[in-house]
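Colleague: I have a model open and want to learn how to read it. Can we go through it together?

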Amino acid sequence: MEKDYNLVFEDDVQNARGTIHPPAISRGFSLPIDPRRYKRKLIDRIMSFLAAACVTIAIIPLLSILYTVISNGLPAIDMDFITQLPRPVGEPGGGLGNAIEGTFIVVGIACLIGLPIGILAGVYLSEYGENRFGRFVSFMADVLTGTPSIVAGMVGYTLIVLYFKSFSAIAGGVALSVLMIPIVTRTTEESLKLVPSSIKEASLALGIPGWKTTLYIVLGTGKSAIITGALLAIARISGETAPLLFTSFGNMFWAGGIDKPISTLPVQIYTYAITPFPDWHAKAWAGALILIVMILILNIGVRFAARKKFG
Amino acid sequence: MSFFRFSRSKFSGDFIFEAVVGLFALGILILAFFLFRELFIGSELSRNTFGLNFLATTTWDPVNEIFGALPFIFGTIVSSFLALVIAVPFSIGIAIYLSELAPPKLRTPLSFIIELLAAIPSVIIGLWGIFILAPFTRDYLAPPLSTYLGFLPLFQGPMYGLSMLTGGVILAIMIIPITSSVSREVIMTVPVQQREAALALGATGWETTRIAVLPYARSGIFGAVILGFGRAIGETMAVTMVIGNSPRISESLFAPSYTMASVIANEFVEATSGLYVSSLIEVGLLLLVVSIIINIAARVLVWKLLRVEGGGRA
């Protein structure tokens with residue numbers, strides 16, 4: 001029965017095209033092969049190849065960057081490099097110990113300012129943000145993630161540096177937090193929106209007040225996603241240079257306090273890179289290697305941990 | 001709005017909690033306000049002295065205190081546009097491959113690798129740009145361009161490694177991750193029925209993409225491109241390190257140039273007079289306003305598409 005039906009169907013198709021081939025009928029249901037089909041297949045292959053080529057070409061710079069940073073940076077790294085202060089041009093040895101220390105201090109200050117504001121604003125947007133104000137804030141946070149980093153530096157300068165009349169670690173931290181807050185807000189909002197409402201309802205049904213539900217149940221459930229977002233934001237700002245150029249500035253000595261200029265790894269790499277001295281270039285590469293390792297470990301580690309947990 | 005609603009109810013823990021987190025949300029708006037306010041006040045001197053001429057003057061002369069931002073505006077627009085010309089075809093290709101054509105097993109690791117490029121600090125890309133990319137464009141990219149396209153003024157004159165061309169290429173490398181990943185997200189919002197319909201008609205993988213997917217995702221991809229443009233405009237360190245930092249307007253892409261972000265990065269600390277600082281702050285204000293407008297445009301385009309998807313139009 002079924003076969004007959006197929007044959008009738010096929011005959012119709014083939015009559016319509018005017019291409020009846022008896023052998024095709026005897027093999028059962030199979031449409032005659034349109035010669036244009038090969039061309040279409042070929043175009044499909046070519047486009048797939050081109051698209052794959054785009055991916056390959058886009059990966060080349062990444063590999064080249066990683067390769068040059070490792071091959072140029074590795075020979076220049078030793079214990080001295082991590083623990084010593086920079087030396088003047090021509091004097092061999094020395095390191096970027098103070099810049100590594102300074103990066104941790106400035107990023108730490110940025111986290112102290114940026115994480116609480118970002119996370120709590122994100123909590124508002126996800127839990128109470130279904131109104132015009134909430135949507136506007138969410139939109140603004142989204143738009144602010146595109147703030148040019150150099151502009152964040154200028155605001156750190158006019159707000160803090162001019163006020164204290166000195167470059168300082170805290171000005172650098174403020175500048176970085178300007179970049180950090182919108183990112184953390186949005187990732188927090190997105191992660192808390194994923195918390196199933198059934199969990200919230202279960203808690204409310206037990207008579208737990210709404211704010212406690214939010215604080216313990218919703219935040220508790222979304223905790224790891226928020227931490228993931230926060231760590232990615234930290235990875236992102238740790239490498240920022242432009243906001244620090246005229247806020248934390250630079251220093252050839254160990255950190256002297258958060259109201260003093262402070263050396264940071266990105267700024268130090270930049271300073272060394274634009275000099276004409278090969279010895280300092282080697283130091284710039286070594287600094288770049290340390291920075292890139294810190295950031296990639298944070299980045300890749302967090303993503304893998306997150307995938308294991310959620311995926 | 002909800003503050004008023006709650007103030008009518010009794011003064012409870014819920015109200016306090018909502019008010020507290022609401023204040024932090026308000027902090028976002030205060031942050032945006034401060035960004036503008038600080039730059040607006042800081043640039044007052046320059047705005048009063050030069051007025052709109054600031055945008056149209058090509059002289060940048062700190063000694064005689066005459067400041068015009070046109071060379072930097074030119075450099076920013078041309079380098080970002082060049083970056084788009086290079087990056088957009090690649091980004092769309094990447095987005096199509098990773099969402100439509102690639103073997104499913106490869107999709108996640110490949111998109112992860114592309115996004116990793118975005119994690120590399122700008123200053124390290126700049127360092128690589130100085131020592132690897134600039135010599136590469138000088139020795140391998142510029143000669144064929146001047147040989148085959150040398151009749152265009154764009155590709156004439158001597159090629160220095162540090163040039164507009166190198167700046168454009170490095171910006172392209174830096175915006176490919178964001179443009180391609182947003183395009184990919186947008187393409188993935190295209191309803192699967194759309195694809196199935198095309199496939200059921202016997203379309204090949206590429207035909208499905210061309211007929212059923214791309215037209216649907218067009219405005220979102222355009223949003224992703226604009227987002228990339230916004231990134232390119234605000235990008236500072238890598239460009240500063242490879243663009244040559246010379247405030248001249250040249251027809252040739254081989255000549256060094258200067259961007260708005262890099263003039264701030266280079267000269268802000270050394271700016272001595274009030275007018276000098278104020279002019280640089282005005283450049284920053286300009287940069288902020290332009291990138292905020294661009295970002296708003298991009299978000300509206302991308303959001304509209306995502307909302308359509310939420311509404312289930314297919």
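Modeller: Start with burial. A residue is buried if 20 or more other C-beta atoms lie within 10 Å of its own, exposed if 12 or fewer, and partly exposed in between; the C-beta atoms are placed from the backbone. Helices here are DSSP runs of H or I, at least four residues, strands are runs of E, at least two, and both are numbered from the N terminus. In H11(A), the buried residues are A:Leu265, A:Pro266, A:Val267, A:Gln268, A:Ile269, A:Tyr270, A:Tyr272 and A:Ala273.

Colleague: Why is helix H11 (residues 265-273) of chain A described as largely enclosed by the rest of the structure?

Modeller: Because 8 of its 9 residues are buried. A note on the source: this is a predicted model, where local features need pLDDT of at least 70, side-chain atom pairs count only at pLDDT 80 or more, and totals for chains, interfaces and linings use all residues. Residues are numbered from 1 along each chain as its sequence is written, while chains are lettered from A and ligands numbered from 1 in the order in which they are written.

Colleague: How many helices and strands does each chain have?

Modeller: Chain A has 12 helices and 0 strands. Chain B has 12 helices and 2 strands. Read chain B from the N terminus and you get α-α-α-β-β-α-α-α-α-α-α-α-α-α. Its C-alpha trace spans about 65 × 65 × 30 Å along the principal axes.

Colleague: How do I read a helix pair?

Modeller: Two packed helices are described by the angle between their axes and the distance between the axes. Axes are lines fitted to C-alpha atoms, for helices over the stretch in contact, and angles run from 0 to 180 degrees between N-to-C directions. Under 35 degrees counts as roughly parallel, over 145 as roughly antiparallel, 65 to 115 as roughly perpendicular, and the rest as oblique. Take helix H8 (residues 169-193) and helix H10 (residues 210-238) of chain A: their axes come within 9 Å and cross at roughly 150 degrees. That makes H8(A) roughly antiparallel to H10(A).

Colleague: Which case in chain B is oblique?

Modeller: H5(B) and H7(B) are oblique to each other. The axes of helix H5 (residues 104-119) and helix H7 (residues 164-188) of chain B come within 8 Å and cross at roughly 140 degrees. Contact means that two C-beta atoms, placed from the backbone, lie within 7 Å. Among the residues that meet are B:Ser111 and B:Ile114 in H5(B), and B:Ile176 and B:Pro177 in H7(B).

Colleague: How many residues does each chain give to the contact between chains A and B?

Modeller: Chain B gives 68 residues and chain A gives 73. On the side of chain B, helix H2 (residues 13-42) supplies the largest share, 18 residues. That side divides into 47 nonpolar, 16 polar and 5 charged residues. Nonpolar covers Ala, Val, Leu, Ile, Met, Phe, Trp, Tyr, Cys and Pro; charged covers Asp, Glu, Lys and Arg; the others, Gly among them, are polar.

Colleague: Where do the domains of chain B lie?

Modeller: Domain bounds come from an automatic or database domain assignment. Domain 1 is 2-42 and domain 2 is 69-311. Their centres, taken over C-alpha atoms, are separated by 35 Å. In chain B, 4 residues of domain 1 are in contact with 5 residues of domain 2.
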